[in-house]
Amino acid sequence: MRAVGFTDHDHDACVAERVAAAEIYCADKRLHFTAARRRVLEILLDEHKALGAYEILDRLKREGRGSQPPVAYRALDFLVTHGFAHRVERLNAYVACTHPCETHFPAFMICRVCDSVAEATSAPSKGLLGAAARDAGFRIEQTVVEAIGVCPACIEAEARQ
């Protein structure tokens, strides 16, 4: 068992299920799920951490899959556009989506100690932001919610020291 964000899970099944979901989605939409796109998604799923484009490119290089930045950026752009990954603004990095193929507003909890990232679903139309938007006659279409803190594993490790 490895952690998805902050919870234990069957990591191999997690990767297999999300890659399979991407394959099905792309087949249904007649999109090209190229080997590079698939591998970038697998890399993001492998870590359950936010990774920068150059970190991904370094892995692709080591595997002999391409050494030019457009290889990584094109794959990341495709994955973000189709909901398989998100860009974490604070880290200028990318993370695999935990709710692929679903319309949702992600909220990221980023551990400042180990850099793990957990994705939750936010509801921007509710709460203070939603009320402010309604008062202004504004319709929210996208939000970026990122919280920096310490994950349960790092809190536990800190307590043991």
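**Exercise 1.** Find what share of the chain's contacts with a separation of 6 or more comes from residues 24 or more positions apart.

*Solution.* Contact means heavy atoms within 4.5 Å. Among contacts with a separation of 6 or more, 48% join residues 24 or more positions apart.

The model is predicted: local features need pLDDT of at least 70, side-chain atom pairs count only at pLDDT 80 or more, and totals for chains, interfaces and linings use all residues. Residues are numbered from 1 along each chain as its sequence is written, and side-chain values use heavy atoms, with hydrogens and water left out.

**Exercise 2.** State how many helices and strands the chain has, and give their pattern.

*Solution.* Helices (H or I, at least four residues) and strands (E, at least two) are DSSP runs, numbered from the N terminus. The chain has six helices and seven strands. Along the sequence they follow β-β-α-α-α-α-β-β-β-β-α-β-α.

**Exercise 3.** Locate the aromatic pairs in the whole structure.

*Solution.* Step 1: apply the rule. Rings of Phe, Tyr and Trp (its six-membered ring) pair if their centres lie within 6.5 Å; planes under 30 degrees apart count as stacked, over 60 as edge-to-face and the rest as tilted.

Step 2: search. Two aromatic pairs are found. Tyr25 and Phe84 are edge-to-face, with 5.4 Å centre to centre and 85° between the planes. Tyr25 lies in helix H1 (residues 11–29) and Phe84 in the loop between helix H4 (69–81) and strand S3 (85–88), so this pair ties together parts 59 residues apart in sequence.

Step 3: check burial (buried is under 20% relative accessible area, exposed over 50%, partly exposed in between; 1.4 Å probe, protein chains only). Phe84, at 2%, is buried, while Tyr25, at 22%, is partly exposed.

Step 4: take the other pair. Tyr54 and Tyr73 are also edge-to-face, at 6.3 Å centre to centre and 80° between the planes. Tyr54 is in helix H3 (residues 53–62) and Tyr73 in helix H4, 19 residues apart.

**Exercise 4.** Describe how helix H2 (residues 35–47) and H4 cross.

*Solution.* Step 1: axes are lines fitted to C-alpha atoms, for helices over the stretch in contact, and angles run from 0 to 180 degrees between N-to-C directions. The two axes come within 9 Å and cross at roughly 75°.

Step 2: classify. Angles under 35 degrees count as roughly parallel, over 145 as roughly antiparallel, 65 to 115 as roughly perpendicular and the rest as oblique. H2 is therefore roughly perpendicular to H4.

Step 3: list the residues. Ala36, Arg37, Val40, Leu41 and Leu44 in H2 meet Ala75, Leu76, Phe78 and Leu79 in H4.
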